[in-house]
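Here are my notes on the model, point by point. Have a look at the structure first, then read on.

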Amino acid sequence: MAAARLSGRPGIRVDLFERRAGFGRKLLVAGSSGLNISHDLPAEEFASHYAGGTPAFWSGLLADFGPPEWIAFIENELGLETFRGTSRRYFVREMKASGLLAAWRKRLEAGGVRLHGNSELKDFRREGGSLRLSFGDGRECEADRVLFALGGGSWEDVPPFWPDLFRAKGFEVEPFASANAGHAVEWSPAFLAEAEGKPLKKIRFGNRRGEKDGELVVTRYGLEGTPVYFLGEPGDAWIDLKPDLTEAAILARLEAVKENFAPIRRVKLKLDLCEASLALLFHHVSEAERRDLRTLVARVKRFPIRLGSARPLAEAISSTGGLAFSELDDSLELRKIPGTYAGGEMIAWHAPTGGFLIQAAVSMGARLADSVLRSSGKPA
Ligand SMILES: Cc1cc2nc3c(=O)[nH]c(=O)nc-3n(C[C@H](O)[C@H](O)[C@H](O)COP(=O)(O)OP(=O)(O)OC[C@H]3O[C@@H](n4cnc5c(N)ncnc54)[C@H](O)[C@@H]3O)c2cc1C
């Protein structure tokens, strides 16, 4: 985003370096499950989803370049269609990221940006009036400004090298940990045989941090899905398998069944629960509890589970940790080395899934470009 905003400006040459052969790998990964680019929420509520940095920083950042500007960029400058889903999430029409990346790359090249794949940054330093960059293949390059957008710690087979480089230069870099990750749950083999890979649909997940409606997926090791990404932490939690009805309403509905059916059969007939929810009741509630209607209904409304540890960083959608905010000023310039800037997931902030991650990355990209323009005396 920074390169796109700076491209085509008189007197500015932009070079974009990426350690991998191809650009935007994580966007492609994100697009494999439907590229959710942003969220439709009032500004203040949107900004409240970010942890790390100050509330004023996030409201300012999003006021300068928020969801409307990002959507307008995709539609008007890249020529792609977007839509707002029922969950108030924005998506690109084709759902995958490949079209977005191809159009973005074309836009950059048309604006004169030079793209350098297979170029891993190994070092940077200020030498007199300019900044020197060293790459893995021995190449050196000189620049007036350097914008770092080196990414977070998640979904990487080899942990990124940049935190060590920055620490060696005296920067505070908080260690990475999994965020927006699945959590372990000890399932019985019988339950897994029936429910592995299936969704727990229209549920409410809760723990001491709050409650979140949505869908969870049962996995061999535990649970994945937005409610757990929002609230997950090791410890006691519960799932409401029928959040749209109160316990009393469920009880009344099940007691109204005339036939002398067992409680679990009444649940199956009358509550329209999904397969995985029924499997939970069959395999993770004792036979004695299943025979008692009131106890069974209590389980439907508050199914107790215990979350274990989060999945490892390599499987997490994002990470906590990264370059400390205290190393940056509001223009995202690194205080220790003037002329260098940083943005995106490499900074120590985090947010839930729902388009908040990509939105922050592009909003910071826009801020980086505007800061460079301002510092060079050019209009933003
Ligand atoms: C499975 C998955 C699903 C996701 N789904 C969504 C979603 O639906 N919605 C959403 O908002 N977000 C989603 N995200 C998160 C989103 O992809 C990231 O927030 C976003 O890509 C962050 O952008 P970034 O530019 O900060 O970092 P990145 O996209 O990680 O880019 C950083 C780049 O820097 C390169 N690099 C690192 N070190 C060096 C070096 N030394 N030299 C040169 N290059 C280097 C990396 O190779 C990388 O390409 C998802 C992530 C994952 C893993």
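1. Ground rules for the strands: two of them pair if DSSP finds at least two bridges between them, and helices (H or I, at least four residues) and strands (E, at least two) are DSSP runs, numbered from the N terminus. Bear in mind that this is a predicted model, where local features need pLDDT of at least 70, side-chain atom pairs count only at pLDDT 80 or more, and totals for chains, interfaces and linings use all residues. Residues are numbered from 1 along each chain as its sequence is written, and side-chain values use heavy atoms, with hydrogens and water left out.

2. Now the open sheet: 6 strands, antiparallel in their pairing, in the order β11-β14-β13-β12-β15-β16. β11 (183-184) and β16 (303-307) each have a single partner strand, so one side of each has no neighbour in the sheet. Inside it, β12 (residues 199-207) and β15 (residues 235-240) run antiparallel and are joined by 4 bridges, with Phe205 opposite Ile239 of β15.

3. Two helices lie across these strands. α14 (residues 293-301) lies across β15 and β16, at about 105° to β15.

4. Look at α4 (residues 55-64) against α15 (residues 356-375) too: they pack at about 75°, axes 9 Å apart, and are therefore roughly perpendicular (65 to 115 degrees). Phe57, Trp58 and Leu61 are among the α4 residues in the contact, while α15 brings residues including Met364 and Arg367. The contact residues divide into 6 nonpolar, 3 polar and 2 charged.

5. How many salt bridges does the count come to? The count is 29, taking a salt bridge as a side-chain nitrogen of Lys or Arg within 4 Å of a carboxyl oxygen of Asp or Glu. One is Asp40 with Arg84, closest N and O atoms 2.6 Å apart. Asp40 is in the loop between β2 (36-39) and α3 (43-47) and Arg84 in β3 (residues 82-84), so the pair ties together parts 44 residues apart in sequence. Arg84 is partly exposed at 41% relative accessibility (buried is under 20%, exposed over 50%, partly exposed in between, with a 1.4 Å probe and protein chains only).

6. Arg107 and Glu77 also form a salt bridge, at 2.7 Å from N to O. That pair links α6 (residues 98-110) to α5 (residues 67-77), 30 residues apart.

Methods: Axes fitted to C-alpha atoms, helices over the stretch in contact; angles between N-to-C directions. Parallel < 35°, antiparallel > 145°, perpendicular 65-115°, else oblique. Contact = heavy atoms within 4.5 Å. Nonpolar A, V, L, I, M, F, W, Y, C, P; charged D, E, K, R; others polar.
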